[in-house]
Amino acid sequence: MLPGKNKRSAISLVGAANPLAAALEVRDCDILSMVRRSLERKDVLLAFQPVVSAHAPGTIAFFEGLIRVIDDTGRIIPASEFIEACETNEIGRIIDCLALEMGLKALARAPQLRLAINMSARSIGYSRWNNTMKNGLRADASIAERLIIEITESSAIVMPETTMSFMEEMQERGASFALDDFGAGFTAFRYLRDFDFDIIKIAGEFVRDIHKQPDNRVLTQALVSIAQQFDMLTVAESVECEKDAALLIQMGVDCLQGYFFGVPTTRPSWSQFPQTFRDAV
């Protein structure tokens, strides 16, 4: 049985004092229950989305593996709908473990594949996650060199010393690291000199419709300049139209990711891209 119990009785006591907080807790409780049932049924998938080179837009630099769960009605639910509620719960650690396990299997099956897998810094030190990583790398040492570990800015800054130590250990084994949602919190700037991220992923809130948003253009250009200063490759997330893509390329972004270049798919056909997997990082 996965961790967690129904908390509605406790929530009812909070509701009288703070109705909004109670409503949010009910929502999160419902989300956790849904995810827990999906995990118990092993209804978990990894969807793959391409990240393309800005210098050669037809070239796929790597893929990102995005966790999905199947709910009670059979719908495929993206991580954006449940990951926030799970982040500080042990269910979040289990999700990270399953994403890593599926990602390592994909890397083992496709020797030409380079893949980014998401994790929370809170999973560093979680024994099941560490065992999954050790077993996967033991089976094929080349996997580490094709693995990119994505850590969100918000979780990295919660435990910076632990994150930095973990990154150093994994980079010695050949893995790369990406800082996800860069700029969303604005609090990680002071850590950039200490963190040794290989890739910076610019938050989609700055990228989406950037050709219409002068303020976002200024902010994104600043983020690109910061990444260049620290010799980090940049990826613009949530690129959804040609005008945005063209502007981002002009601004010096290294890679682009979004629906304009490909939607996440749970059934990738690696054979469609025999010449496109290149070491862009």
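**Close-up views of a predicted model**

**View 1. Helices H4 and H5, side by side.** Helix H4 (residues 90-109) packs against helix H5 (residues 127-139) at an angle of about 5°, and their axes lie 9 Å apart. Axes here are lines fitted to C-alpha atoms, for helices over the stretch in contact, with angles running from 0 to 180 degrees between N-to-C directions. That makes H4 roughly parallel to H5 (angles under 35 degrees count as roughly parallel, over 145 as roughly antiparallel, 65 to 115 as roughly perpendicular and the rest as oblique). On the H4 side, the contact (heavy atoms within 4.5 Å) is made by Ile94, Asp96, Cys97, Leu98, Leu100, Glu101 and Leu104. H5 answers with Arg128, Trp129, Thr132, Met133 and Gly136. Sort the residues of this contact and you get seven nonpolar, two polar and three charged (Ala, Val, Leu, Ile, Met, Phe, Trp, Tyr, Cys and Pro count as nonpolar, Asp, Glu, Lys and Arg as charged, and the others, Gly among them, as polar).

A word on the numbers: residues are counted from 1 along each chain as its sequence is written, and side-chain values use heavy atoms, with hydrogens and water left out. This is a predicted model, so local features need pLDDT of at least 70 and side-chain atom pairs count only at pLDDT 80 or more, while totals for chains, interfaces and linings use all residues.

View 2. The protein chain has 11 helices and nine strands (DSSP runs numbered from the N terminus: helices are H or I with at least four residues, strands E with at least two). Of its 281 residues, 48% count as buried (under 20% relative accessible area, with exposed over 50% and partly exposed in between, using a 1.4 Å probe and protein chains only). The largest nonpolar core has 74 residues, and Val35, Phe82, Ile149 and Leu256 have the most contacts inside it. H4 gives the most to this core, with 10 residues. A second, separate core of 10 residues includes Ala61, Phe62, Ile199 and Cys255. A nonpolar core is a set of buried Ala, Val, Leu, Ile, Met, Phe, Trp, Tyr and Cys residues joined through side-chain atoms within 4.5 Å.

**View 3. Strand E1 and its two partners.** Nine of the 10 residues of strand E1 (residues 44-53) are buried. E1 runs antiparallel to strand E2 (residues 60-70), joined by nine bridges, and the two form a hairpin with six residues between them. Two strands pair if DSSP finds at least two bridges between them. Look for valine 44, whose bridge partner in E2 is valine 69. E1 also pairs with strand E9 (residues 255-257), again in the antiparallel sense, over three bridges. There, valine 52 stands opposite leucine 256.

View 4. Strand E5 (residues 147-152) has five of its six residues buried. Five bridges join E5 to strand E4 (residues 115-119), in parallel, and five join E5 to strand E6 (residues 176-182), also in parallel. Asparagine 118 stands opposite glutamate 150 in E5, and isoleucine 149 stands opposite phenylalanine 177 in E6. Beyond its neighbours within four places in sequence, isoleucine 149 touches residues including Trp129, Met133, Phe166 and Met170.

**View 5. Threonine 220, tucked into H10.** Threonine 220 sits in helix H10 (residues 214-229) and is buried, with a relative accessible area of 0%. Leaving aside neighbours within four places in sequence, threonine 220 is in contact with Ile202, Phe206, Ile210, Leu248 and Met251. Isoleucine 210 is 10 residues away in sequence and 8.7 Å away in space, C-alpha to C-alpha.
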